[in-house]
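Hi everyone, thanks for making time for this. I'd like to walk you through one model, so let me put it up on the screen.

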Amino acid sequence: MSILDRYMLRLFMKIFVICGLSLFGLYIVIDMVSNLDDLIEQGNQNGSLFEVLCQYYGARAFSFFDTTSALISVLAAIFAVTWVRKHNELTAIQAAGIPTARIVMPIIAASLCIALLAAASRETLLPKFKDEILRSAQNWDGLAKQSVRARFDHKHDVLIGGRWALTGNREIIQPTFHLHKPLGAFQRIIEAHRARYIDAQSDRPSGYLLEDVIKPKDLSDMPSAVINGRTVVYSPADTTWLDSDQCFVSSNLEFSQLLAENSDTSYTSSRDLMRNLRNDSLDYGAGVKVTIHGRLVQPLLDISLILLVVPVVLSKKLQGLFLPATLCLVFTLGFFLLVLTARAMGANSYMLSPALAAWLPLFLFGPIAYISSSSLWR
């Protein structure tokens, strides 16, 4: 790596880190305005406010990086090239016979590395800290009541709902399970005081353990209900691991998918999203397909945006520094606006298929970025 490469790379990374830390610090300050009292209370309950703050904002740092890495890379690239041009360093470097492409190559390479790092974080770190990211400051310990969004299990023909959810215990308060049709001795509704989601074990599938069953009243006399040779409702009458006031409803709907305010698809790995698409119990819409395609194309979009704005800053036809920087910001705004609009249309299956919605911005901006950056390689 030459001295020029190290200089441009150091300048780019310095601006990237400063912008990233500044924006994240601003986010923390704004968030603390409304959540500091709740975080202090959580710190008192858990023994250490500092530990709660590190866990709360540490998890959100990964989400913030995923959301803003592309924008910060563009800003760092614009400011780095503008700095070199403003101090007439660009003219001196070009006078030494160094081509323009050689000057910006470290910036492009660093932007590519950041895009790949964001993609890796999206698939590994975000799923690992998904629970912490989704928990609010008011419900950091998972013991506060949250609304339940009723979801239909298509594989087992049962609508799962309830009054409240406790995320810390993966528990539903006053659960109500509506069967699509009567199953054996079980009629359409099963009610209980609480239900807990239990992962699959060697002797039982995944599902919900209903405790203190209210309806049906004669639960201990009813045999388990079966659909196509598969047990859906386990009854204490013929299930040894159930008490007389318990029943078990098998389901592939995980507890997190019942929360009313749940955007867990943004923090779920692509592998798990594709597995959920093949889950017979779920009926995911086009939005998940747009998310999967969008993750595949995102690194290419990030690099396309860099190749689109860097030549504008280096253009000799644009005098001064204010006009090129303004044009870059306008291009960036239009770029992100088109991406969001296309994905929203694909998620709602309006005019665009999920695949086309995710790839359309690349089809439009890719050739423009190639033509715009062609002047760099001459």
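Here is a question to start with: which side chain meets that of Glu123 in a salt bridge? It is the side chain of Arg295, at 3.7 Å from N to O. Please keep in mind that this is a predicted model. Since Glu123 sits in helix α4 and Arg295 in helix α8, this pair ties together parts that are 172 residues apart in sequence. How covered are the two partners? Glu123 is partly exposed, because its relative accessible area is 29%, while Arg295 counts as buried at 10%; the cut-off for buried is under 20%.

Let me stay with helix α8 for a moment, residues 286-314. With 29 residues at 1.5 Å each, α8 should span 42 Å, and its end C-alpha atoms are 41 Å apart, so the two values agree.

Now back to α4, residues 100-123, where Arg122 lies. Arg122 makes a salt bridge with Asp66, and the closest N and O atoms are 2.5 Å apart. Arg122 counts as buried, at 9% relative accessibility. As for Asp66, its helix α2 covers residues 49-86. Leaving out residues up to four places away in sequence, Asp66 touches Ala118, Arg122 and Leu126. For a sense of distance, take Asp66 and Met222: they are 156 residues apart in sequence, and their C-alpha atoms are 51 Å apart in space.

How many salt bridges does the structure hold? There are 8. Another one of interest joins the side chains of Arg194 and Asp212, at 3.1 Å from N to O. This pair links distant parts of the chain, with Arg194 in strand β4 (residues 189-198) and Asp212 in strand β5, 18 residues apart. Arg194, at 31% relative accessible area, is partly exposed, and Asp212 is partly exposed at 25%. Salt bridges with shared partners join Arg194, Arg196, Glu211 and Asp212 into one network.

β1 pairs with β2 (residues 158-166) over 3 bridges, and Asp153 stands opposite Val158 in β2. The hairpin of β1 and β2 has 4 residues between the strands, and there Asp157 takes a positive phi near 55 degrees. Next, β2 and β3 (residues 171-179) pair over 8 bridges, with Ile172 in β3 as the bridge partner of Ala165. β2 and β3 also form a hairpin, with 4 residues between them, and Arg170 in the turn has a positive phi of about 50 degrees.

Which strand does β5 pair with in the antiparallel sense over 4 bridges? That is β8, residues 247-250, while β5 itself covers residues 207-215. In β8, Ser250 is the bridge partner of Gly207.

That's my tour, and I'm happy to take questions.

Conventions
Residues numbered from 1 in each chain as written. Predicted model: local features only at pLDDT ≥ 70, side-chain atom pairs only at ≥ 80, totals over all residues. Heavy atoms only, no water. Pairing = 2+ DSSP bridges. Helix = DSSP H or I, 4+ residues; strand = E, 2+ residues; numbered from the N terminus. Contact = heavy atoms within 4.5 Å. Expected span 1.5 Å × (residues − 1). Salt bridge = Lys/Arg side-chain N within 4 Å of Asp/Glu carboxyl O. Buried < 20%, exposed > 50% of the residue type's maximum accessible area, 1.4 Å probe, protein only.
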